[in-house]
Amino acid sequence: MILGIESSCDETAAAVYDGAQLLSNVVASQNDHIDYGGIVPELASRAHERVIWDTVAQAMSDAGVTREHIDAIAVTEGPGLMGSLLVGLCFAKGLSVQWQKPVIGVNHIDAHIYATFIDEKPELPFVSLVVSGGHTQLFHVPRPLRHEIMGQTRDDAAGEAFDKIGKLLGLDYPAGPVMDRLAASGDASFYDFPRAMLRKGLDFSFSGLKTSVLYYIQDIPEEQRDDYLKKHLNDLCASISAAITDVLIHKLRQAVRETGVKSVVIAGGVSANSMLREKARKMTGQLGISLHIPHPEYCTDNAAMIAVTGWFKAREGQYDDLRLKPYARHQWDKKSSAV
Ligand code: KG4
Ligand code: ZN
């Protein structure tokens, strides 16, 4: 029985997983950042500190368990905001001392990959596309905890691209879900924005698209700009979403071709995107392979995915101790389970 704790960004979360079933899943989202157009690290740490006790207590009570039932405490060790990570990590270490239970550090991106095991058993090996505000990566997963990175973004993450481009269009943060909604009634062929690095392996780049949208907007005469953007907002959202999702699907297809896998998993906040889902369904249908997208609440940041990944690590005896340290940036060689 694993208690999972997640605090890497702006969600304070706790969950209990018993190896077969998720017993509870609590997420406290922060709205302290609304006026700032992005996450303010110091405000995030303070908000975690305010709610972490209650969030963990709620997860334990929802699961109907007490400390005696818990075998280990899994906690996000990184990557993420250092102050935010420290709140979760120190809390987990405190519990570990008080409860006399081991602590297990979980890599946040690994956890996004294994979120799919919360409510299904995808056929192994699979290819996983993790797309969120902080990550855009492709993995080959022969079995749990033995994933290999195949490609990743060289600059912005896909969600970050949605959010930053949305801001240029005058939309509030996070712009991804709003652009998705507006794109539904827009014309994706309205403007042909660039699809970067299609022929360059499995890495991604989205910062050029952002610049291209910026130039597009600057080219509109200033006195007409607001009216023009208002009139064509849906078409622009559709055209931009098409550019982002075309690249994601193109690389995903290439990864499937290179590995010969029979199933694909898409996870992270951007997996909620309707255009991405539709294109992924079409692509996997054409190839005759299966598609798994975890339930939306397991795609955005949550502790259920931390608890499940912690359970896999416990099964292999991968426990940590109080020397466990947070890390802000991803360390493929050292900290991820990636081989
Ligand atoms: O996984 P997540 O909740 O947090 C992390 O970044 O780890 O992902 C949030 C990101 C934001 O960038 C948000 O704009 C994007 O996912 N997002 C979407 C959609 N829903 C969330 N992007 C495009 N379409 C959506 N429907
Ligand atoms: Zn995440």
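Reader: Where is the place of Pro 174?

Author: In this predicted model, Pro 174 sits in the loop between H4 and H5. Helix H4 covers 158–168 and helix H5 covers 176–183.

Reader: What kind of peptide bond runs from Tyr 173 to Pro 174, cis or trans?

Author: The angle to read is omega. For the bond from Tyr 173 to Pro 174, omega is near -10°, and the bond is cis. A cis peptide bond also joins Gly 78 and Pro 79, with omega about -10°. Pro 79 belongs to the loop between strand S4 (72–78) and helix H2 (82–99).

Reader: Another backbone angle is phi. What is phi of Gln 100?

Author: Gln 100 has phi near 60°, which is a positive value in a residue other than glycine. Gln 100 is placed in the loop between H2 and strand S5 (103–107). Leu 145 is not a glycine either, and has a positive phi of about 70°. The loop that holds Leu 145 runs between S7 and strand S8 (148–152).

Reader: Are Gln 100 and Leu 145 buried or exposed?

Author: Relative accessible area decides: buried means under 20%, and exposed means over 50%. Gln 100 has 67% relative accessibility, so that residue counts as exposed. Leu 145 has a relative accessible area of 1% and is therefore buried.

Reader: How does Gly 37 count at 35% relative accessibility?

Author: A value between the two cut-offs is called partly exposed. Gly 37 falls there because its relative accessibility is 35%. Gly 37 lies in the loop between strand S3 (22–29) and helix H1 (41–63). Asp 35 is also found in the loop between S3 and H1; with a relative accessible area of 72%, Asp 35 is exposed.

Reader: What separates the C-alpha atoms of Gly 37 and Gln 100?

Author: Gly 37 and Gln 100 are 63 residues apart along the chain, and their C-alpha atoms are separated by 42 Å. For Asp 35 and Gly 186, the separation is 151 residues along the chain and 28 Å between C-alpha atoms. Lys 251 and Arg 199 are 52 residues apart in sequence, with 9.3 Å from C-alpha to C-alpha.

Reader: Where is Lys 251 found, and is this residue buried or exposed?

Author: Lys 251 is part of helix H8, residues 233–259. Its relative accessible area is 0%, so Lys 251 is buried.

Reader: Now the ligands. Which residues are the protein donors of the zinc ion?

Author: The zinc ion, ligand 2, has His 108 (NE2), His 112 (NE2), His 135 (NE2) and Asp 301 (OD) as protein donors, 2.1 to 2.7 Å away. Their spacing in sequence is H-x3-H-x22-H-x165-D. His 108 is in helix H3 (residues 108–114), and His 135 is in the loop between strand S6 (126–131) and strand S7 (136–141), so this pair ties together parts 27 residues apart in sequence. His 108 and His 135 are both buried.

Reader: Which residues come nearest to ligand 1?

Author: Gly 133, Asp 163, Asp 180, Gly 269 and Asn 273 come nearest, of the 18 residues around ligand 1. The shell divides into 6 nonpolar, 9 polar and 3 charged residues.

Reader: What polar atoms lie by the oxygen atoms of ligand 1?

Author: Asp 163 has a polar side-chain atom 2.6 Å from an oxygen atom of ligand 1. From Gly 269, a backbone N or O atom lies 3.0 Å from an oxygen atom of the ligand. An N or O atom in the side chain of Ser 132 is 3.4 Å from an oxygen atom of ligand 1. On its own, ligand 1 has 550 Å² of accessible area, and the protein covers 87% of that. Helix H4 and helix H5 are the elements that give two or more residues to the shell.

Reader: Why does ligand 1 lie between the two domains?

Author: Domain 1 (2–113 + 297–338) and domain 2 (121–293) both give residues to the shell, so ligand 1 lies between them.

Definitions and conventions: Residues numbered from 1 in each chain as written. Chains lettered and ligands numbered in written order. Predicted model: local features only at pLDDT ≥ 70, side-chain atom pairs only at ≥ 80, totals over all residues. Heavy atoms only, no water. Donors = N, O, S within 2.8 Å, 3.2 Å for Na, K, Ca; no water. Helix = DSSP H or I, 4+ residues; strand = E, 2+ residues; numbered from the N terminus. Buried < 20%, exposed > 50% of the residue type's maximum accessible area, 1.4 Å probe, protein only. Near = heavy atom within 4 Å. Polar contact = N/O pair within 3.5 Å; in protein donor to acceptor, adjacent residues only side chain to side chain. Areas by Shrake-Rupley, 256 points an atom, 1.4 Å probe, with all protein chains shown as cover. Nonpolar A, V, L, I, M, F, W, Y, C, P; charged D, E, K, R; others polar. Domains from an automatic or database assignment.
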